[in-house]
Amino acid sequence: MSEDQTFGDRVIAWMIENKPRLDELMAQEGSKAIHEEFILAEGGTMPGRDERVERARGASARAWLRHLAHAIGAEWADAPDGLGETIEAWLVVNQERLEAIRIDEEPQLERLGRSGDAEADERRLALAAQRRFFAEAVGTATATDDRDGPTLGREISAWGWGENDRLRELQLEALTASGIEVEATTEIELLWERSPETARQSEAAVQWANLRFLIEGLEVALET
């Protein structure tokens with residue numbers, strides 16, 4: 001391990017080095033999403049395009065967050081034994097908490113001002129909720145008298161909404177690395193309309209940027 005590497009650097013490197021594990025998690029979560037759609041169809045409910053997109057996004061996010069849990073457990077020097085497994089278990093068991101957090105994040109968006117694009121605003125909320133949800137899992141697994149899960153979740157939420165320029169920078173960087181042509185003024189949500197392939201690449205890039213952003217926030221909050 002290089003002494004020059006930060007906690008965030010090490011976590012990201014671990015995630016990349018252990019990509020086969022992520023692929024397994026993606027397959028698991030993708031299979032669950034397909035099964036859920038099948039159950040709905042059997043009951044006479046055919047999910048629309050927007051619902052299928054959100055289900056796919058949710059499956060991808062769950063896989064990434066489970067992967068991140070183990071990266072933090074492996075690379076955080078002060079992590080208690082089994083931290084990755086503990087965080088992952090909390091994420092799996094408490095999925096219903098994610099929607100409650102999303103609703104609780106809405107006033108933050110209102111405070112900053114909506115963009116006028118309902119889909120873009122909903123995506124911002126979803127990504128913010130993912131960050132707070134994961135931070136709550138970490139905080140629960142490492143709770144102290146001064147900071148429990150919800151407390152760390154709120155800290156990451158406040159930090160994230162205050163660093164929108166940094167998130168935008170990471171998104172554009174990830175999109176460029178994916179081979180997608182973007183400019184400083186590019187409206188990221190419109191990239192999904194270019195083609196199915198661009199939509200898939202854009203979604204993966206935006207999710208990766210959000211994870212990097214989350215890792216930076218945790219690095220600050222946990223003083224790693």
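**Exercise 1.** Which residue just after H9 takes a positive phi?

*Solution.* Glu223 does, with a phi of about 55°. The value comes from a predicted model.

**Exercise 2.** Compare the reach of helix H9 with its expected span.

*Solution.* H9 covers residues 196–222, which is 27 residues. At 1.5 Å a residue, 39 Å is expected. From first C-alpha to last, the helix reaches 39 Å, close to that expectation.

**Exercise 3.** How many residues of H9 are buried, and what follows for the helix?

*Solution.* Take buried as under 20% relative accessible area. In H9, 19 of the 27 residues are buried, so the helix is largely enclosed by the rest of the structure. Phe213 is one such case to check: its relative accessibility is 0%, so Phe213 counts as buried.

**Exercise 4.** Count the aromatic pairs, then classify the pair of Trp64 and Trp208.

*Solution.* Ring centres must lie within 6.5 Å. The count comes to 3 aromatic pairs. For Trp64 and Trp208, the centres are 5.4 Å apart and the planes stand at 45°. Planes under 30 degrees apart count as stacked and over 60 as edge-to-face, so this pair is tilted. Now place the partners: Trp64 sits in helix H3 (residues 49–75) and Trp208 in helix H9. They are 144 residues apart, so the pair links distant parts of the chain. Trp64 has a relative accessible area of 14%, so Trp64 is buried.

**Exercise 5.** Which parts of the chain does the pair of Trp159 and Phe213 link?

*Solution.* Start with the geometry: 4.6 Å centre to centre, 35° between the planes, a tilted pair. Trp159 belongs to helix H7 (residues 149–161), and Phe213 to helix H9. The two residues are 54 apart, and the pair links distant parts of the chain.

Conventions
Residues numbered from 1 in each chain as written. Predicted model: local features only at pLDDT ≥ 70, side-chain atom pairs only at ≥ 80, totals over all residues. Heavy atoms only, no water. Helix = DSSP H or I, 4+ residues; strand = E, 2+ residues; numbered from the N terminus. Expected span 1.5 Å × (residues − 1). Buried < 20%, exposed > 50% of the residue type's maximum accessible area, 1.4 Å probe, protein only. Phe/Tyr/Trp six-rings, centres within 6.5 Å; stacked < 30°, edge-to-face > 60°.
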